[in-house]
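Try each one before you read the solution.

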Amino acid sequence: MRRVTLFVNGSHRDGKVVAVYGALSDLLSVASNKLNIKAVNLYNGKGGLIDDIALIRDDDVLYVSEGETFIDPEAHDKEMEAKSSMCTDWITLNVGGQYFTTTRSTLVNKEPESMLAHMFRDKVCHMAFFGEQDAWGNKRDHQGGFLIDRSPEFFMPILNYLRHGQLIVNKGLNLLGVLEEAKFFGIESLIEQLELEIKNSLPAEDHSPISRKEFVRFLLATPTKSELRCQVIRGGAGFLSLSGCSEA
């Protein structure tokens, strides 16, 4: 009695040793039951299609397909290993033409509900294996960087915040620009910090009294459809004075 080892097409794992008897259709039926597939074709190790059971020898290794052509298991394993090497936590972002290298965990862990977290949560490995574009439409440039059409200057403080949780902004950088990017990417905890920083950076209100001449100048410069609001300060001996006039 001849015995053969059967593998699913493209694999050399979880093989089944079976006895060969009857016609080729009988062996295909046994292969279907043993491998839990709908066996249609048998191939030898070199990819040759077996169409006659007489061609099968004792201790042959055969590959069973559901109708697809032969897949070399060694080449298939090498391809999967190559794709697996692409499935890494490291990510390169092309933000407005400037490259940033970071990790998927950096983009995901600090603000799990942000746009960046949703864009890159479990998507990089999926794209590496299946070559598909995910629901967020992530696209890569010719160097493999994920394309993001935003300002790199304002993105840098956001990325650093996701890395270490501290808001660090280079001198002279407009905080309003960073705030807009934080709102765009949905970095909620950073939005609160930026709004507080911007508020604290504003000059203190001037409450010093103004003269009658200055008040008349403010009044004449105010459009007829606008309001001029001033703060009234009560002085000694019941005198009133104005300060902090502004158009509203």
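**Exercise 1.** Leaving out residues up to four places away in sequence, find which residues Asn 160 touches.

*Solution.* In this predicted model, Asn 160 touches Gly 165 and Gln 166 once those sequence neighbours are set aside. Finally, look at its side chain, which makes a polar contact of 3.0 Å with the side chain of Arg 163.

**Exercise 2.** Work out how the axes of H6 and H7 are arranged relative to each other.

*Solution.* Start with the axes: they come within 9 Å and cross at roughly 65°. Angles of 65 to 115 degrees count as roughly perpendicular, so that's the label for H6 and H7. As for handedness, the crossing is right-handed. Now for who meets whom: Phe 154, Phe 155, Pro 157 and Ile 158 from H6 meet Gly 177, Val 178, Glu 181, Ala 182 and Phe 185 from H7.

**Exercise 3.** Track down which residues of the largest nonpolar core touch the most other members.

*Solution.* This core has 27 residues, and the ones to pick out are Leu 93, Leu 107, Leu 116, Phe 120, Phe 155 and Ile 158. Then check the suppliers: S5, H4, S7, H6, H7 and H8 each put in at least two residues. H6 gives the most, with six. Zoom in on Ile 158: beyond its neighbours within four places in sequence, it's in contact with Val 178, Glu 181, Ala 182, Phe 185, Ile 187 and Leu 190. Another core, of 18 residues, lies apart from the largest one and includes Leu 24, Val 30, Leu 35 and Leu 62.

Key
Residues numbered from 1 in each chain as written. Predicted model: local features only at pLDDT ≥ 70, side-chain atom pairs only at ≥ 80, totals over all residues. Heavy atoms only, no water. Core = buried A, V, L, I, M, F, W, Y, C linked by side-chain atoms within 4.5 Å. Buried < 20%, exposed > 50% of the residue type's maximum accessible area, 1.4 Å probe, protein only. Helix = DSSP H or I, 4+ residues; strand = E, 2+ residues; numbered from the N terminus. Contact = heavy atoms within 4.5 Å. Polar contact = N/O pair within 3.5 Å; in protein donor to acceptor, adjacent residues only side chain to side chain. Axes fitted to C-alpha atoms, helices over the stretch in contact; angles between N-to-C directions. Parallel < 35°, antiparallel > 145°, perpendicular 65-115°, else oblique. Left-handed = near helix turned anticlockwise from the far one by under 90°.
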